[in-house]
Amino acid sequence: MKKILFLIFIVSIYSCKQGTTDKNEKDLLPLEKLKAGNKRFTSGFPIHPDETLKRIRELKRAELPAIVSCSDSRVPPELIFDQGLGDIFTIRTAGNVIGDYELRSIEYAVEHLHCKLVVVLGHEKCGAIEAFINSDNKRHYDHIQKIVEYIKREDEEKKFRQFENQSRPSCAS
Ligand SMILES: [Zn+2]
């Protein structure tokens, strides 16, 4: 009985790999390719494509798409989108904070690597964003405070704070 179960398990894995290594994968648009890879990852059947020395030798300079993600170890783009060498141009910072250097990296990806898709990938329970949210009650005395201050200067954040203040009921005395 154990042998049969083992064989079924092997066949299941083989079938999943066969189903996800579609020959048309290379024809997918960048976003479609990411979605297909994320579907494999979340279903528990990643194929880890393009991770060989042969792949490195075959690489051309074009790398699509560009992904800006948090440095958090729970969201490495290559793993959660099940991509390999040369498949993604990544820019990672705590809290997805995009300063001058990161912006230059995005420009490089678009202008020189011809990336047609730039994804800004956020995630739940981000430590940098939590530090920002709690910054009214707690000040950090290190470089984390610089991240918090940077996020506070963002136009989107200023507009959100204005909206939040306007939405609060006023206390008439
Ligand atoms: Zn994060």
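How many residues does helix α2 have, and what distance does it reach from its first C-alpha to its last? Helix α2 (residues 30–42) has 13 residues and reaches 18 Å between those two atoms, close to the 18 Å expected at 1.5 Å a residue; the expected span is 1.5 Å times one less than the number of residues. The structure is a predicted model, in which local features need pLDDT of at least 70, side-chain atom pairs count only at pLDDT 80 or more, and totals for chains, interfaces and linings use all residues. Residues are numbered from 1 along each chain as its sequence is written. Helices (H or I, at least four residues) and strands (E, at least two) are DSSP runs, numbered from the N terminus.

**The sheet**

- Three strands form an open sheet in the order β2-β1-β3, with parallel pairing; two strands pair if DSSP finds at least two bridges between them.
- Because β2 and β3 (118–121) stand at the edges with a single partner strand each, one side of each is left without a neighbour in the sheet.
- From one strand to the next, the twist averages 15 degrees.
- Ser 69 has Arg 92 as its bridge partner in β2 and stands opposite Leu 121 in β3.
- The bridge partner of Ala 66 in β3 is Val 118.
- Helix α5 (residues 100–111) lies across β1, β2 and β3 and runs at about 170 degrees to β2. Here axes are lines fitted to C-alpha atoms, for helices over the stretch in contact, and angles run from 0 to 180 degrees between N-to-C directions.

**The nonpolar cores**

- A nonpolar core is a set of buried Ala, Val, Leu, Ile, Met, Phe, Trp, Tyr and Cys residues joined through C-beta atoms within 7 Å. A residue is buried if 20 or more other C-beta atoms lie within 10 Å of its own, exposed if 12 or fewer, and partly exposed in between, with C-beta atoms placed from the backbone.
- The largest nonpolar core has 10 residues, including Leu 34, Phe 81, Ile 88 and Cys 115.
- β1 (66–70) and β2 (89–93) each supply at least two residues of this core, and the largest share, three residues, comes from β1.
- Another core, of six residues, lies apart from the largest one; among its members are Cys 70, Ile 129, Ile 147 and Val 148.
- Five of the five residues of β1 are buried.
- Ile 91 is in contact with Ala 66, Val 68, Glu 102, Ser 105 and Ile 106, leaving aside its neighbours within four places in sequence; contact requires C-beta atoms, placed from the backbone, to lie within 7 Å.

- The buried residues of α2 are Lys 33, Leu 34, Gly 37 and Arg 40.
- These residues cover an arc of only 125 degrees around the axis, which puts them on the same side of α2. The arc is that of the directions from the helix axis to the C-beta atoms.
- Glu 32 and Thr 42 are exposed residues on the face of α2 turned away from its buried side.
- Just after α2, Gly 44 takes a positive phi of about 85 degrees.

**Positive phi in the loops**

- Asp 82, in the loop between α4 (77–80) and β2, has a phi near 50 degrees, a positive value in a residue other than glycine.
- Asp 82 is buried, with 23 other C-beta atoms within 10 Å.
- Asn 96, in the loop between β2 and α5, has a positive phi near 60 degrees and is likewise a residue other than glycine.
- Asn 96 counts as buried because it has 22 C-beta neighbours inside 10 Å.

Conventions. Two residues are in contact if their C-beta atoms, placed from the backbone, lie within 7 Å.
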